Amino acid sequence: MANKDTPELVFLPLGGCGEIGMNLNAYGYGPSHARKWILVDVGVTFGDHTTPGIDLICPDPEFIAEHADDIEAIFLTHAHEDHIGAVGLLWPRLRAPLYATPFTAHLVAGKLAERGLKHVDVNVIPIGGAVEAGPFHVRYMTLTHSIPEPNALAITTPAGVILHTGDWKIDPDPLIGDSVDIEGLTKLGDEGVLAMVCDSTNVFVDGESGSEATVRKNLIELIGSLEGRVAVATFASNVARVSTVIEAARLAGRSVCLAGRSMHKIVDAAVQTGVLKDLPDLVDEADAGSFPSDKILYLCTGSQGEERAALGRIASGSHRHIVLGEGDTVVFSSRVIPGNEKGIFDMQNALAEKGVRIITDRMSPKTIHVSGHPARDELKQMYQWVRPRISVPVHGERRHIMEHAIFAKSMQVPEAVTPRNGDLIRLAPGRAEVIDVVPNGRLHLDGSRLVPADSAGLRERIAISKFGYATASISFDESGSIADGPYLSVRGLSELDGSLADESVDILEEACEEAIDGLSRRKRLDDNAVEAVLVRAIRKSCEREFGRKPLVDITIMRV
């Protein structure tokens, strides 16, 4: 058992364990009272129907922010939003040097500027570069993924070496960037790896994830066979896929129009950092409509059904410049992220209603999308290269992490831990184990403020969205008699004909009057007693009329 002065190597996930997205990981070294830390990735996830009014959600950094003076550096593995999206939101609480390779650094600098943090420097690390950060030596190692410059981090400490994989796959022909650094990974394994902290996203998928080269061949063939206007929806961050679509359009004699803010931003970053070279002239959205239908291709954001993305606005008919209709085709070179099914299918139905042909990866006889995460054969290969003593599965829901631990044991990994967000895991000395659980949770970006996920305002908003809202105002004179009112107003409730619930307000006001009539004169002079009886009367009457018990606000005046 280590005493308080024994240096320990610990791993602390604050996001990304129990969910896919919102990654925030911390590594600490030193005795418990004097640890130095580095952070790996600071990501977001996105709001949905359960979080009305919330677009961005990030990990709560409360624990690690309390140790901000001991954070040596923040390392970013790659530029996906679930790994860098919270940098601008959380950096003021962490205030540590940032490190990233060129493409990622370019996008992070933009995010910081958007938050008014133009003075914060992002240290650009060359591909394969290394950084000394306190007791940590961190080396970037090239992997492949669905975005340029994905990196694993080889983290060397006095207690051993950790390989933090980030997001990855094994693509033998990645089209953009280098292939997996097999030699470096094998050498690392030969020298001895204490722990591998590894992506679990596709642990249930047999075989291999597939190559971007295969997708390029098939998309060139598909797009070359289509007539009418063509739109391709894909993840803007997959620059190799973007490059493929542009090449397929060129070979089909089509000019390309980028549609969507993210598409423009990513392509600009790729050009500025030299990831994309020899890009053909692109067509402005305002000019694309003048092209013959068989001479234009729209490369769109919105593959996940986002209403405000380019394809969502095209489907709803609200896009200012782009219109699709009979004889046109939309190709979805993307996967359906769990939870987005309804939005995607609604958008596809809206397009189909316009006469647009829909082609998805499942409908196409040939592969037009591949995952950016490792399937089981790729995981097996990584374990054979690295041969860690400890497996630490991350980047997955609970079922992914548990299955990954079982899989690692089948690869003869001696130890495996199954972390949850907030678990402080000692990796050395001794066996790997959870030694503490620290404060953790989620912060929601509510307007311009980061607030806890369970904040009163958000709870109230959710309740209003579910049950509706009612307000009543009433005036009493000095004797406790009603001087004016009660006046009722309701929101979020409907009459049987679908109109706002105005006609039923008379019934609610009558219920309030009856409730006041039942109060003694003494209680009419007590605001708390009046408020309580009116809230009960309104909720009971609303439940009878609408089947809902709304939130109720009461205004009482004394005249």
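Gly430 takes a positive phi near 80 degrees in the hairpin of β21 and β22, where four residues lie between the strands. This is a predicted model.

Strand β21 covers residues 423–428, and strand β22 covers residues 433–437. The two pair in the antiparallel sense, over four bridges. Asp423 stands opposite Val437 in β22. The loop between β21 and β22 also holds Pro429. The peptide bond from Ala428 to Pro429 is cis, with omega near 0 degrees.

**Another cis bond**

Gly485 and Pro486 are also joined by a cis peptide bond, with omega about 0 degrees. Pro486 sits within a strand, β26, which runs over residues 482–491.

Arg95 and His395 each have a positive phi without being glycine. The table sets out their values.

| Residue | Phi | Loop | Relative accessibility |
|---|---|---|---|
| Arg95 | about 50 degrees | between α3 (87–94) and β7 (98–100) | 53% |

**A four-stranded sheet**

An open sheet has the strand order β4-β5-β23-β24, with antiparallel pairing. Which strands stand at its edges? They are β4 (45–46) and β24 (449–452). Each has a single partner strand, so one side of each is left without a neighbour in the sheet. For β4 and strand β5 (residues 56–59), the antiparallel pairing rests on two bridges. Thr45 stands opposite Ile57 in β5.

**A negative patch**

Asp506, Glu510, Glu513 and Glu514 form a negative surface patch. One of them, Glu513, lies in helix α15, which spans residues 505–517. How accessible is Glu513, and what does it count as? Its relative accessibility is 36%, so Glu513 counts as partly exposed: the value falls between the 20% and 50% cut-offs.

**The chain as a whole**

The chain has 559 residues, and 53% of them count as buried. Its secondary structure comes to 17 helices and 27 strands. The C-alpha trace spans about 90 × 75 × 45 Å along its principal axes.

Definitions and conventions:
Residues numbered from 1 in each chain as written. Predicted model: local features only at pLDDT ≥ 70, side-chain atom pairs only at ≥ 80, totals over all residues. Heavy atoms only, no water. Pairing = 2+ DSSP bridges. Patch = residues over 30% accessible without salt bridge, like charges linked within 9 Å, V, L, I, M, F, W, Y side chains within 5 Å. Areas by Shrake-Rupley, 256 points an atom, 1.4 Å probe, with all protein chains shown as cover. Salt bridge = Lys/Arg side-chain N within 4 Å of Asp/Glu carboxyl O. Lys, Arg positive; Asp, Glu negative; His and termini not counted. Charge placed at Lys NZ, Arg CZ, Asp CG, Glu CD. Buried < 20%, exposed > 50% of the residue type's maximum accessible area, 1.4 Å probe, protein only.
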